[in-house]
Amino acid sequence: MAVPAVALCCLLPLLPLPAPVPGAHWLGAPVDWPKVGLLAFLHTCWESLAQGLSTPCLRLARLLLRRPPLRPRRPVRPGVNAFFPVLFAGVLMLPPAAAGLVAVPAALLGAAESEGPRRQAWNGAQLALSAFTASAVFHLLAGPQLLLGSRFPAALLPAFAALGAFCLVNGVLVGGMRVLAEGRRPAELLRDASAAAWVPVLLHAAGGLMLAVLWQGPYGAFAALLALLPLSVSAWVFAQGHRERDAHQATVRALVQAVEIKDAYTRGHSERVGRAAVLIADQLGMEAERLRTLRYAGILHDVGKLGVATELLRRNGPLTEAERRAVEVHPVHGYELVRGIAFLGEAHAGILHHHERMDGRGYPAGLAGEQIPEFARIISVADAFDSMTSTRSYRRGRPVTEAVAELERCSGSQFDPVMVRALVDALAVHDWQPVLPPPDCIKAVPDIPLGVPEPAPRAAPRGVPAQGGGVPTTGPS
């Protein structure tokens, strides 16, 4: 409530002032209302386009043509402004209060299909405050005079200062709200922002500067609108990429839910393995794109259990050799289920080989050492760690310290020592709290200490691909 109240105060200079403000006459400068309206309209349209929503133009056209309204859609980045060039052009061309006003219609109308009024008021207020502050900094450094006179590169200094003020105010407001509402730590938010925000913001700011220069040139708003065309394509591609990632996540969630319906004890196990795998990979410095694929591999590592009898998964006693072989074929089943899903990439090999051992006595292919794909070596450690710390149908969960000791005991023989050390280092920073099943389930589970016997050497089944690159085929045993 405080932020919208302050934002309203920043818009007061739009009202006729009885006298100019001493030392800051630009606060009460005459407002070019057609320019404000056009910029606000363009910002609303392009923000809707970048969020994958229907634009006001499309909604108005369907209304005039008496077509039914489009189905409401969720923004690709809820609560985040995804398209800044038009807003930043307003910062450079308008007085501070008018620049703040440009941001308001997009927040109130662009995402009205999916957000409540309180969220809309917050979004509009924090963007208005950011734009007001950035425009004030630009005017204090004589930016409008330098920009109108095309005095480059001198005009770049106030433009960069305005960009810095915009990012600072916006970051403090959004970060403060997330700290209060989500309990996030400031250091964590700062790391996330610094890792992902600067390059897009700089590109959008460059686009806004180009719009402002062209708008105030001899061809006016028409040239600026032409310059928006390539930015429109990039915004549309950006939104489609997010939609595709959302579809990928929905596919993964559906597969995981199908597995977890079969066994109440493993509910949440897949997500936790994906999270532990990402913790390990973070310590190794893996790039963001591979991290996303690794998380998918961790989440889907047990999808092959859909092909295993439910009674075997829920058995709380020992399995016969035949039953054990039926369970151990689940990596091959999982690979067969997902090998046609192209976006999983390296995850295919991780799913197929996550039960291999460094000494070559694992399954299904009996790979050893560096022959085992990196994803599989990571998932093997993450899977074992969560299995040991979670209550299963055959054993109660053990404390984290015991699980770490067991990983270190088997390091080099069963697990990759590099991955074990990475997990230990990550656990020193991140808290690990597995979700326990209901108390009545825990009481029925035996309390068995860790330290299972070493498995006997086994031959790799015929037809299993060594790196997850081929298609497993059946053959005579």
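The following conversation walks through a predicted model of one protein chain.

Visitor: What does the secondary structure of the chain come to?
Guide: The model is predicted, and its chain has 22 helices and zero strands.

Visitor: How many of the 477 residues count as buried, as a percentage?
Guide: Of the 477 residues, 47% count as buried.

Visitor: And what share of the contacts comes from residues 24 or more positions apart?
Guide: Among contacts with a separation of 6 or more, such residues account for 73%.

Visitor: Let us turn to empty space. How does one find it?
Guide: A probe the size of a water molecule is rolled over the atoms, and this shows where empty space is left.

Visitor: What is the volume of the second largest cavity?
Guide: The second largest cavity has a volume of about 60 Å³.

Visitor: Which residues line the second largest cavity?
Guide: The lining consists of Phe84, Phe88, Leu163, Phe166, Val201, His204 and Ala205. By class, six of these residues are nonpolar, one is polar and none is charged.

Visitor: Which helices each supply at least two residues of that lining?
Guide: They are helix H9, residues 156-182, and helix H11, residues 198-215. The largest share, three residues, comes from H11.

Visitor: New topic: how many aromatic pairs does a search of the whole structure find?
Guide: The search finds two aromatic pairs. One of them joins Tyr296 and Phe343, whose ring centres are 5.6 Å apart.

Visitor: Why is the pair of Tyr296 and Phe343 called edge-to-face?
Guide: The planes of the two rings stand at 75 degrees, and planes over 60 degrees apart count as edge-to-face.

Visitor: Where do Tyr296 and Phe343 lie?
Guide: Tyr296 belongs to helix H14 (residues 288-299), while Phe343 is in the loop between helix H17 (330-338) and helix H18 (347-352), so the pair ties together parts that are 47 residues apart in sequence.

Visitor: Is Tyr296 buried or exposed?
Guide: Tyr296 counts as buried, because its relative accessibility is 3% and the cut-off for buried is under 20%. Phe343, with a relative accessible area of 24%, is partly exposed.

Visitor: What about the rings of Phe385 and Trp432?
Guide: Their centres are 5.3 Å apart and their planes are at 65 degrees, so this pair is edge-to-face. Phe385 is in helix H19 (residues 374-389) and Trp432 in the loop between helix H21 (417-427) and helix H22 (439-443); the pair links distant parts of the chain, 47 residues apart.

Visitor: Are Phe385 and Trp432 buried or exposed?
Guide: Phe385 is buried, with a relative accessible area of 0%. Trp432 is buried as well, at 4%.

Visitor: Which residue lies over the face of Trp432?
Guide: Arg275 lies over that face, at 4.2 Å from the ring centre.

Visitor: Finally, the backbone. What is the general rule there?
Guide: Most residues other than glycine have a negative phi, and most peptide bonds are trans.

Visitor: Which residues does a cis peptide bond join?
Guide: A cis peptide bond joins Tyr363 and Pro364, with omega at about 10 degrees. Pro364 is placed in the loop between H18 and H19.

Visitor: Which residue has a positive phi although it is not a glycine?
Guide: Ala142 does, with a phi of about 60 degrees. Ala142 is found in the loop between helix H7 (117-140) and helix H8 (143-148), and Ala142 counts as partly exposed at 33% relative accessibility.

Technical notes: Residues are numbered from 1 along each chain as its sequence is written. This is a predicted model: local features need pLDDT of at least 70, side-chain atom pairs count only at pLDDT 80 or more; totals for chains, interfaces and linings use all residues. Side-chain values use heavy atoms; hydrogens and water are left out. On a 1 Å grid over the protein atoms alone, a cavity is a set of points where a 1.4 Å probe fits but cannot get out, and a pocket is an open set with protein on both sides within 12 Å along at least five of seven lines; lining residues have an atom within 4 Å of a point. Grid points are joined across faces, edges and corners, and a volume is the space filled by probe spheres set on the points. Helices (H or I, at least four residues) and strands (E, at least two) are DSSP runs, numbered from the N terminus. Ala, Val, Leu, Ile, Met, Phe, Trp, Tyr, Cys and Pro count as nonpolar, Asp, Glu, Lys and Arg as charged, and the others, Gly among them, as polar. Rings of Phe, Tyr and Trp (its six-membered ring) pair if their centres lie within 6.5 Å; planes under 30 degrees apart count as stacked, over 60 as edge-to-face and the rest as tilted. Buried means under 20% relative accessible area, exposed over 50%, partly exposed in between (1.4 Å probe, protein chains only). A charge sits over a ring if NZ of Lys or CZ of Arg is within 6 Å of the ring centre and within 35 degrees of the ring normal. Contact means heavy atoms within 4.5 Å.
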